[in-house]
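This briefing is for a reader who is new to the structure shown below. It begins with overall figures and then takes the parts by topic.

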Amino acid sequence: MDNAGAAQGWGKVKERATDAGGSMKDIRILLVEDDRENCLMLKEVLGKWGYQVTEAYSGEEAINRSRKEAFDIVLTDLNMPGAIDGNE
């Protein structure tokens, strides 16, 4: 997806939240990143924008979290170590 496509996707999320009478604070993001520093930085930025962010540091952890909680968006690193990377 190019940047224009990504921007359209975010617009749809915002539109869905607004149409449902909610706000961006109602959008739950699962952030999957094996680099803890990058993950915490992204979590802080997304949190300032009003998103609810849950982090996972591996593909396995992401799968486990997604089985227990519902997320609207998954942002993932595509190049992670382990049996389950961002492409799985």
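A residue is called buried when its relative accessible area is under 20%, exposed when that area is over 50%, and partly exposed in between, using a 1.4 Å probe and protein chains only. By that rule, buried residues make up 30% of the 88 residues in the protein. The model is predicted: local features need pLDDT of at least 70, side-chain atom pairs count only at pLDDT 80 or more, and totals for chains, interfaces and linings use all residues. Residues are numbered from 1 along each chain as its sequence is written, and side-chain values use heavy atoms, with hydrogens and water left out.

**Overall make-up**

- The protein has three helices and three strands, where helices (H or I, at least four residues) and strands (E, at least two) are DSSP runs numbered from the N terminus.
- Along the sequence these elements follow the pattern α-β-α-β-α-β.
- The protein exposes about 6,000 Å², and carbon and sulfur atoms supply 50% of that area; the areas come from the Shrake-Rupley method with a 1.4 Å probe, and for residues only the protein chains shown count as cover.
- Taking contacts (heavy atoms within 4.5 Å) with a separation of 6 or more, residues 24 or more positions apart account for 57% of them.

- The three strands form an open sheet in the order 2-1-3, with parallel pairing; two strands pair if DSSP finds at least two bridges between them.
- Strand 2 (52-56) and strand 3 (73-76) are the edge strands, each pairing on one side only.
- On average, neighbouring strands of this sheet are turned by 20° against each other, direction ignored; the axes are lines fitted to C-alpha atoms, for helices over the stretch in contact, and angles run from 0 to 180 degrees between N-to-C directions.
- Strand 1 (residues 28-32) runs parallel to strand 2 and is joined to it by five bridges.
- Along this pairing, R28 stands opposite Q52, L30 opposite T54, and L31 opposite E55.
- In a regular strand the side chains alternate between the two faces of the sheet.

**Burial in the strands**

- Strand 1 is largely enclosed by the rest of the structure, because four of its five residues are buried.
- Strand 2 is also largely enclosed by the rest of the structure, because four of its five residues are buried.
- I29 belongs to strand 1, and I29 counts as buried because its relative accessibility is 0%.
- The C-alpha atoms of I29 and A70 are separated by 9.1 Å, although the two residues are 41 residues apart along the chain.

**Helices over the sheet**

- Helix 2 (residues 36-48) lies across strand 1, strand 2 and strand 3, and runs at about 170° to strand 2.
- Helix 3 (residues 59-68) lies across strand 1 and strand 2, and runs at about 135° to strand 2.

- D35 sits in the loop between strand 1 and helix 2.
- D35 counts as partly exposed because its relative accessibility is 34%.
- D35 and D77 are 42 residues apart along the chain, and their C-alpha atoms are separated by 9.1 Å.

**Aromatic rings**

- R36 lies over the face of Y57, at 3.8 Å from the ring centre; a charge sits over a ring if NZ of Lys or CZ of Arg is within 6 Å of the ring centre and within 35 degrees of the ring normal.
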